[in-house]
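Subject: Structure for your review

Dear colleague,

Please find below the structure I am handing over to you, together with its sequence. My findings follow directly after it.

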Amino acid sequence: MVSYKELGLVNTKELFKKAVAGGYAIPAFNFNNMEQMQAIIQACVETKSPVILQVSSGARKYANQTLLRYMAQGAVEYAKELGYPIPIVLHLDHGDTFELCKSCIETGFSSVMIDGSHHPYEENVALTKKVVEFAHKNDVTVEGELGTLAGVEDDVKSDKHVFTQPSEVEDFVKRTGVDSLAIAIGTSHGAFKFKKGTDPKIRLDILAEIEKKIPGFPIVLHGSSSVPQNLVKIINETGGKMADAIGIPEEQLRSAAKSAVCKINIDSDGRLAMTAAIRKIFKESPGEFDPRKYLGPARDSLKELYKHKVVNVLGSNNKA
Ligand SMILES: [Zn+2]
């Protein structure tokens, strides 16, 4: 058993308490390689923001859970070396079984998500409660989910939105003991969140109703990339093909962050930033074959994107 505390990581408890009180949200950025991790830590150290490093099941398959855990431990030391030790959470994104959550908790994760949202309600309650009981014994925080997000993210996919029912949240939170709740209000996984020509709106009215039922309880938004059109344009101008990609307008996320929403997951925008940077270099310098010459600029572009998110969307700058 490796406790996250030995690694210098923190759980989400204090961070969420302060974020809800302060009207901002903590960034949850996914990582599965070194350049992403460097970009996240550099961006959050420079903006003095706490951060949640997320590992999805796809990342575990791609990069190996043990390696990622050592990278998170490295991130703690890296932040110190950069001159400002920010609070860092290592979080399992979309855990689907008790066994997986347990294995992450035993190998140094400080926070886990158990996503039982695809199960019938009572099964979701039972599974989430089981994970919470084990996690809390180890002072690890747990995120549950009610409602289903549309879209595709690694192994998590669904064809349609099932909005969270405000009538269920109080019972779910009480019976499971979760520390935070992911809700479905129209955000979705992937880069194709809204059809071209439709009004990209999330249901802030449902969020308000949920907040009335569980005042001050930490809420999480998944699938909250904005799909910056300048990045899509670069990708398309350099041989890519992403014509109808539309995301969540940043103003809507900003207003959600001012409420009890205290964790916002952003993954696709980072993928777009890296892809745009790499495509541009390949187009402009076709002779380039040193990976550092394209992964380096991709990392810098990712870092700029994350700094923008922290300062202009989440509001978590200077909160570390
Ligand atoms: Zn998600």
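The zinc ion has three residues as its protein donors: H94 through NE2, H189 through NE2 and H222 through ND1, lying 2.1 Å from the metal. Please note that this is a predicted model. Along the sequence, the donor residues of the zinc ion follow the spacing H-x94-H-x32-H. Distant parts of the chain are linked by the pair H94 and H189, which are 95 residues apart: H94 belongs to strand β3 (residues 88–95) and H189 to strand β9 (residues 188–189). Both H94 and H189 are buried.

Turning to the strands, β11 (residues 261–266) is largely enclosed by the rest of the structure, because six of its six residues are buried. Strand β1 (residues 26–30) pairs with β11 in the parallel sense over four bridges, and I264 in β11 is the bridge partner of P27. Strand β10 (residues 219–221) also pairs with β11 in the parallel sense, over three bridges; here K263 in β11 is the bridge partner of V220.

As regards the helices, the axes of α7 (residues 121–137) and α8 (residues 166–176) come within 9 Å and cross at roughly 35°. The crossing of α7 past α8 is right-handed. On the α7 side the contact involves Y121, E122, N124, V125, T128, K129 and V132, which meet E168, D171, F172, R175 and T176 in α8. The residues of this contact comprise five charged, four nonpolar and three polar.

With kind regards

Note on methods:
Residues numbered from 1 in each chain as written. Predicted model: local features only at pLDDT ≥ 70, side-chain atom pairs only at ≥ 80, totals over all residues. Heavy atoms only, no water. Donors = N, O, S within 2.8 Å, 3.2 Å for Na, K, Ca; no water. Helix = DSSP H or I, 4+ residues; strand = E, 2+ residues; numbered from the N terminus. Buried < 20%, exposed > 50% of the residue type's maximum accessible area, 1.4 Å probe, protein only. Pairing = 2+ DSSP bridges. Axes fitted to C-alpha atoms, helices over the stretch in contact; angles between N-to-C directions. Left-handed = near helix turned anticlockwise from the far one by under 90°. Contact = heavy atoms within 4.5 Å. Nonpolar A, V, L, I, M, F, W, Y, C, P; charged D, E, K, R; others polar.
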